[in-house]
Amino acid sequence: MVQSRDAPAGWGEGGETALNEATGHDVIVLEHVTKRFGDFFAVHDADFAIPHGEFFAMLGPSGCGKTTTLRMIAGFEVPTSGAIRLEGRDVSRVPPYRRNVNTVFQQYALFPHMNVFDNVAFGPRSRKVPEAEIKTRVGEMLEIVRLEGFAQRMPQQLSGGQQQRIALARALVNFPSALLLDEPLGALDLKLRQAMQIELKRIQREVGIAFVFVTHDQEEALTMSDRIAIMNEGWVEQIGRPEEIYHRPETVFVAGFIGQANLWQTTVDAASGDTADVTLGERRITAAISGRSVRRGDPVTFMVRPERVRVSLDEPGNGHQAVACRVVDLVFQGPVVRFALDAAGAEVVAHVGADEQLPLLRPGDAVWASWERDAALLLSGAAADAGDAPTAVGAET
Ligand code: ATP
């Protein structure tokens, strides 16, 4: 197997690219990039950088602008304003074939009349690389994607996952500074998709270049990425590591889009520094402010994840915040029991581990819902702005 330390010699030549070791600079930089189609803004003021060697995902619902952003990096679209830099050079108006990036699409369309070797050799051959070098490079790429014995096969003799790996080899053989991937696993069934997620991450680590990955599948983004950009209606809402995005969303949209969340709309009673007080049910609750700062009287959304909510008969002691509730429904879901509770008109969902000791509860019983102080956040704006994740729960106080 080719390890990153002896990755193909083409990477790093001419000072163009990086292997696994951090080079301390960014490979892709977007500077206030906006894209308009007529009057319609597909991307607003995207302003971020992707360092060498990073697995970076752009995640968001359909139509949020992620593919347009990727296409601008690839050179298939020209920004309306702003600049795109690759390896420090402004490429905003450089055509795709003169940029040192390659794109892998969902429809990876190998050339059907060429065998695997010739498919992978296509890029270097069209750039007149000597045949002996092509043979070495193609061999190395097939080794990286673990299809060494497949050089003579025709594309129709390969499974979907194998075809996708050949498409990756065909892109990587050009030694791009970054690989751009537009929903590359979208055509695969769930099991193969999950296997390919692990495989893609392995390949990325092995070759050590930046992968920029577009997906609408949050599990896929959380599984593979070093950092994720969450996009909504053309805006980049937040960029962060998967655990930051999950535990410390900065907008109501992100809180609702990633995972499940209890989201209550309320207003600020008092704010001081990084925390603010709100009233939930009859209780005054203090929580950390995440994202934009808030002032007294501002509409805010209170957020707590269902797995951080505890359910008890007695009011919990110090260190916990609690609201009095009634049990509306409880469902055994294998690893967790899902409680739907009512707190003075607000729905609270709690996921309680099946191994936790709980008294026998029935709908109508009075209980306390509580959480540790660091589990709750206050986000500027209305709960109705929450991302449309299929599992999000929301309620109004
Ligand atoms: P999906 O997951 O559905 O591919 P996306 O987040 O990748 O969505 P984009 O393809 O970037 O979304 O599109 C963003 C918005 O820009 C959409 O509303 C789309 O209709 C619009 N759009 C994209 N390309 C064009 C174009 N060439 N002309 C006009 N509008 C366009």
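The model is predicted, with local features requiring a pLDDT of at least 70 and side-chain atom pairs counted only at pLDDT 80 or more, whereas totals for chains, interfaces and linings use all residues. Residues are numbered from 1 along each chain as its sequence is written, and side-chain values use heavy atoms, with hydrogens and water left out.

The protein chain contains eight helices and 22 strands. These elements are DSSP runs numbered from the N terminus, helices being H or I with at least four residues and strands being E with at least two. The C-alpha trace spans about 75 × 45 × 40 Å along its principal axes. Of the 397 residues, 51% count as buried, where buried means under 20% relative accessible area, exposed over 50%, and partly exposed in between (1.4 Å probe, protein chains only). Of the contacts between residues at least 6 apart in sequence, 69% join residues at least 24 apart, a contact being defined by heavy atoms within 4.5 Å.

The ligand is surrounded by Phe37, Phe40, Ala42, Pro61, Ser62, Gly63, Cys64, Gly65, Lys66, Thr67 and Thr68; a residue is near the ligand if one of its heavy atoms lies within 4 Å of it. Strand 2 (40–51) and helix 1 (66–74) each supply at least two residues of this shell, and helix 1 gives the largest share, three residues. Polar contacts are pairs of N or O atoms within 3.5 Å; within protein, one atom must be able to donate a hydrogen and the other to accept it, and residues adjacent in sequence count only if both atoms are side-chain atoms. A polar backbone atom of Cys64 lies 3.0 Å from an oxygen atom of the ligand. Side chains also take part: a polar side-chain atom of Lys66 is 2.7 Å from a ligand oxygen atom, and an N or O atom in the side chain of Thr68 is 2.6 Å from a ligand oxygen atom. On its own the ligand has 630 Å² of accessible area, of which the protein covers 58%.

Lys66 is also among the residues touched by Thr215, together with Met58, Leu59, Gly60, Glu183, Glu220 and Ala221, when residues up to four places away in sequence are not counted. Thr215 lies in strand 8 (residues 210–215) and is buried, with a relative accessible area of 0%. The side chain of Thr215 reaches the backbone nitrogen of Asp217 at 2.9 Å and makes a polar contact of 3.2 Å with the side chain of Glu220.

Two further buried residues were examined. Met196, in helix 5 (residues 190–207), has a relative accessible area of 3% and is therefore classed as buried. Excluding residues up to four places away in sequence, Met196 touches Gly161, Gln164, Arg165, Leu168, Leu185 and Leu188. Between Met196 and Val367, 171 residues apart in sequence, the C-alpha to C-alpha distance is 45 Å. Ser290, in strand 14 (residues 283–290), counts as buried because its relative accessibility is 2%. A polar atom of the side chain of Ser290 lies 2.7 Å from the backbone oxygen of Pro249. Apart from neighbours within four places in sequence, the contacts of Ser290 are Arg248, Pro249, Glu250, Leu377, Leu378 and Leu379.

Backbone angles were also considered. Most residues other than glycine have a negative phi. His32, not a glycine, has a positive phi of about 45°; His32 lies in strand 1 (residues 26–37) and is partly exposed, with a relative accessible area of 46%. Arg146, likewise not a glycine, has a positive phi of about 60°. Arg146 occupies the loop between helix 3 (131–144) and helix 4 (160–172), and its relative accessible area of 39% makes it partly exposed.

Terms used
Accessible areas come from the Shrake-Rupley method with a 1.4 Å probe; for residues, only the protein chains shown count as cover.
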